[in-house]
Every structure is written in structure tokens, then in C-alpha cells.
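Q: I have a sequence and a structure to look at. Can you show me how to read the features in turn?

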Amino acid sequence: IVYICDTSGITIQTLQNNDGYWRSDSQSTNFYKCRQKEYCPQNILVNNTVVCLTHHTGILCDMCVTGYAKNNDGFCEKCSSTGSSTYTILTFSILSYILIICITLIYGNKHISKNLNLKYDNEENSDENSDSDVDLEVNDDTGSIMDLQQKLKIVLSYIQISTILSINLNIKWPEFMGRVVDAFKSLNFEMFDFVGLDYRCSTSFDYYHIFIFQLFMIPILFSLTTLSYFLTKYWGTYKQKEPQFFTTIHNRFIYILVLLTFITYPSISNTILRIYKCEEINDNWYLSSDLNITCFDTIWNSYAITAGFFIFIYIIGIPTFFYYKLKYLKDHDKLGDDTILYRYGFMYMGYKEEMWWFEILELTRKTILSASIIYLQESPTRIVISMFICLMYFVLLDIFHCLLSPSKECAEGPIPRYSLPSQ
């Protein structure tokens, strides 16, 4: 129900909107669904002005009145500080990140490093019977740890895509689930949710801030990680560490850079694609992620061009780079080297040898799923189409797998396996 029409004598001017719907003025018959139902309570227009939730105003009641800003739940709260604590939080976060990376570089996972080294040392001396039991034990330990790594990677992947879908679909979770999803937003480096209301009060915060921050996320993290690496090298030189120490921290440094790229990729891709999602409200176009921003004006055009450039750099460039990197290592039979395993192993160790590229495909899958949710209109049709896209993805993937690795199951082709039984 969009508006209330349950009594006689109602005119356009006295027409009430139902909870969760908005119209621009008393002459308009166009009602629009608000971002959150609470923003637009059931009301009669007063002085040709929509009555929004307290402290909310503007299009779809999505903005805050002067002196207020949105908290992490999306509701307007009174600004009580000047924003000085924002810089304290950011400074503390940067220093903490550098410290954590330094500790990781120095200590890392010694168990994995030791087992990988022993594994290959034992393979070179596999003719000695006395070493066979140790070799088996090391391989079992290493395998269990690597399996755990792969499972954690899968869990991380689904948590990331769930939080991204939660943002794009504007899902209203129950209170407990909402807190869980908010807690996991940190895995997508949602820094502005971390600093919260304080930053939004101290600046004219809009989606362009998020967009710029996400574009520079990888360079910022890489710079801080590189700084941590050189600090660790300096510490190693001061402590007169053995050459093996510097080789180890270099391998860990590469591993961290690769891992950071894979962690930040879904969030960055989602932010870039959302810059093109605009919606029409009363013959004007606004950015769906921030109704304060008007689409197709000079400022938006400049950001849209920038986003197009970074689509090639990030969304297309990152999977392409890692595909050719792994392909080069595969062609030169280096994927089994202990150093390569430590640096890039998490990308392919969980798959069959001939499926070394599958993690790259997973990256593109996340982007395709995210894009299908972003650009389809908010309606039941979007869910159906999104499900169809996912189904077609798996069908095409299965066809490709059958062509790559023919089996009895694929003897009649993969398509019949998706059809209903004939009897």
C-alpha cells in the first residue's frame, strides 16, 4: 500500500502516504519508496512540505538537517564534537596496522614455513628410509593447515559478498543479524563506518568521499605494508639476523600484498560500479548511493570518467594480472616450488592441479554477482534475474568443466543434467 485512501472527500492535497513512502509536494501523485521505512512515517503534507522522521529531510527523507549526521545505522544523530577524534582514530589505526604487519613479517606462521621447508628437504632425500615417517607427518600437518587456510578463505569470501549484497539490496536485518553484518564490514575496509558519526559531522560527507578512499585503498595499504617491510628489514639488520631471515620476511611481504589485493578487490569493485547507478525522482536523476549527488552534471561526469579508468585498472586489471602471473609460473613448472607456494599458494592449493586458475574465476564471479544486484531495479524481478544469472554461471562453468575433464557423467553433455526427468 503506497498511500491511504480509505475515506471519502480525500483530495490530492490531503492524500496521506503510507509508512515508508514519500512524495515531493501536495500536487504530486508520484510516490517513491524510502531507503528505510522509518524515514517516511505516515503523514499529511504540512505547508506543502513532507513530514519526515525527526532530524531527517530532503529527497526520500534521506538527508539530515543542519547539525546532524547519519550514524552507522543510517539514522540522523546530533553532532556533538568537532571531529578531532577522527584524526586520533585514523592515526591509531595506521600505527596499529604498521605494528601488526611488522609482527607478522617477523614471526608469521613459523609452523607452515618450517613444514614447507622440511617437506621439500625430505622430498630431496626420499630414498632414506629413516626420513619416510617424518615426511609423512610433515605432509599431513602441512596439508591440514593448508586445508584450514582454504576453508577460512571460503568463509571470508562469503562474508564479504554477504555484506556487499546487504548494502546493495538495502536489507533490513533483524537486530542481531544487523550487528553481525556491521561487525564484518571491517573485512571490506569500511573505514567510514569505523570512524562513524564523528567524521561525518566534521566534513561535508558524501559518496564521493567513499569513492576516492576506495580508489586509493590498495595504494595506501601497499605503502603502509612496504613501510612496515623496510622497518622490519632495518630491525633485522640492527639485530644482525641471518640472510635466511631477510628471505623469509620478503616472502611474507609478497604474500601479504597478494592477500590484501584479494581481500579489498570485492569492496573496491562494488564502490566503482555503484558510481554509475542513478535513479530518476521527479524528472531528476540522483545517485542511488547518495541522493545528495545529482547525476550527469559536470562533477558526476568527472567521477564517472575516473571510475571508467579504474575499471580497467582494478576490476579487469587485477584478475588479468594474477591469471598471467599464475600461467607463467604454471608454464615454467614453478607452482610446486616452496617459495611460490608460500607467496601465491592460497590462490591455487585448494584446487586440482589443472584448475589452478579457478580462484581468478571466483574473483570475476563476485563482481558479476555484485553488478547484477546493483544495476537491476529494486523489485522481485531483480531477485529472479539475479538467480537466473547465478544459475547460468554455474551451468556454463559445468559445461566448461566437462569439456576440460570429460567423464562418464558428462558423456551425454552437461545440459541434460539440469533438465527435469522425462519419466
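A: Start with one idea. Two residues are in contact when they have heavy atoms within 4.5 Å of each other. Keep in mind that this is a predicted model.

Q: Which residues of H9 and H10 meet?
A: On the H9 side they are Val258, Thr261, Phe262, Tyr265, Ile268, Ser269, Ile272 and Leu273. On the H10 side they are Ala307, Phe310, Ile311, Tyr314, Ile315, Ile318, Pro319 and Phe322.

Q: How many residues of this contact are nonpolar, polar and charged?
A: The contact of H9 with H10 has 14 nonpolar residues and two polar ones. No charged residue takes part in it.

Q: At what angle do H9 and H10 cross, and how far apart are their axes?
A: Helix H9 covers residues 243-274. Its axis and that of H10 cross at roughly 145° and come within 10 Å. The crossing of H9 and H10 is left-handed.

Q: At what angle does H7 pack with H10?
A: Helix H7 is residues 207-215, and helix H10 is residues 298-331. They pack at about 25°, with axes 12 Å apart. Angles under 35 degrees count as roughly parallel, so H7 is roughly parallel to H10. The crossing of H7 and H10 is left-handed.

Q: Which residues make the contact of H7 and H10?
A: H7 supplies Tyr208, Phe211, Ile212 and Leu215. H10 supplies Ile299, Trp300, Tyr303, Thr306, Ala307, Phe310 and Tyr314. By class, 10 residues in this contact are nonpolar, one is polar and none is charged.

Q: Let us turn to disulfides. How many are there in the whole structure?
A: To find a disulfide, look for a pair of cysteine sulfur atoms within 2.5 Å. A search of the whole structure finds four.

Q: What is the S to S distance for Cys34 and Cys40?
A: It is 1.8 Å, and a disulfide joins Cys34 to Cys40. Next, read the torsion about the S-S bond. For Cys34 and Cys40 it is about -95°, so this disulfide is left-handed.

Q: Are Cys34 and Cys40 buried or exposed?
A: Both Cys34 and Cys40 are buried. The cut-off for buried is under 20% relative accessible area.

Q: How far apart are the sulfur atoms of Cys52 and Cys61?
A: They are 2.0 Å apart, and Cys52 and Cys61 form a disulfide. The torsion about their S-S bond is -75°, and the link is left-handed. Cys52 has a relative accessible area of 16%, so Cys52 is buried. Cys61 is at 0%, so Cys61 counts as buried too.

Q: Which parts does the pair Cys278 and Cys295 tie together?
A: First, the bond. Cys278 and Cys295 form a disulfide with sulfur atoms 2.0 Å apart. With -90° about the S-S bond, the link of Cys278 and Cys295 is left-handed. Cys278 lies in strand S9 (residues 278-281), and Cys295 in the loop between strand S11 (290-294) and H10, so the pair ties together parts 17 residues apart in sequence. Cys278 is buried at 10% relative accessible area, and Cys295 is buried at 5%.

Q: Where is Ser288, and what is it in contact with?
A: Ser288 is in the loop between strand S10 (284-287) and S11. Set aside the neighbours within four places in sequence. Ser288 is then in contact with Arg35, Lys277, Cys278 and Glu279. Ser288 has a relative accessible area of 15%, so it is buried.

Q: Where is Asn48 found?
A: Asn48 is in the loop between strand S4 (32-33) and strand S5 (56-57). At 42% relative accessibility, Asn48 counts as partly exposed. Not counting residues up to four places away in sequence, Asn48 touches Ser24, Asp25 and Ser26. Now compare sequence with space. Asn48 and Gln27 are 21 residues apart in sequence, and 8.5 Å apart C-alpha to C-alpha.

Q: Last, the whole chain. How many helices and strands are there?
A: The chain has 13 helices and 11 strands. Of its 423 residues, 41% count as buried.

Conventions:
Residues numbered from 1 in each chain as written. Predicted model: local features only at pLDDT ≥ 70, side-chain atom pairs only at ≥ 80, totals over all residues. Heavy atoms only, no water. Axes fitted to C-alpha atoms, helices over the stretch in contact; angles between N-to-C directions. Helix = DSSP H or I, 4+ residues; strand = E, 2+ residues; numbered from the N terminus. Parallel < 35°, antiparallel > 145°, perpendicular 65-115°, else oblique. Left-handed = near helix turned anticlockwise from the far one by under 90°. Nonpolar A, V, L, I, M, F, W, Y, C, P; charged D, E, K, R; others polar. Buried < 20%, exposed > 50% of the residue type's maximum accessible area, 1.4 Å probe, protein only.
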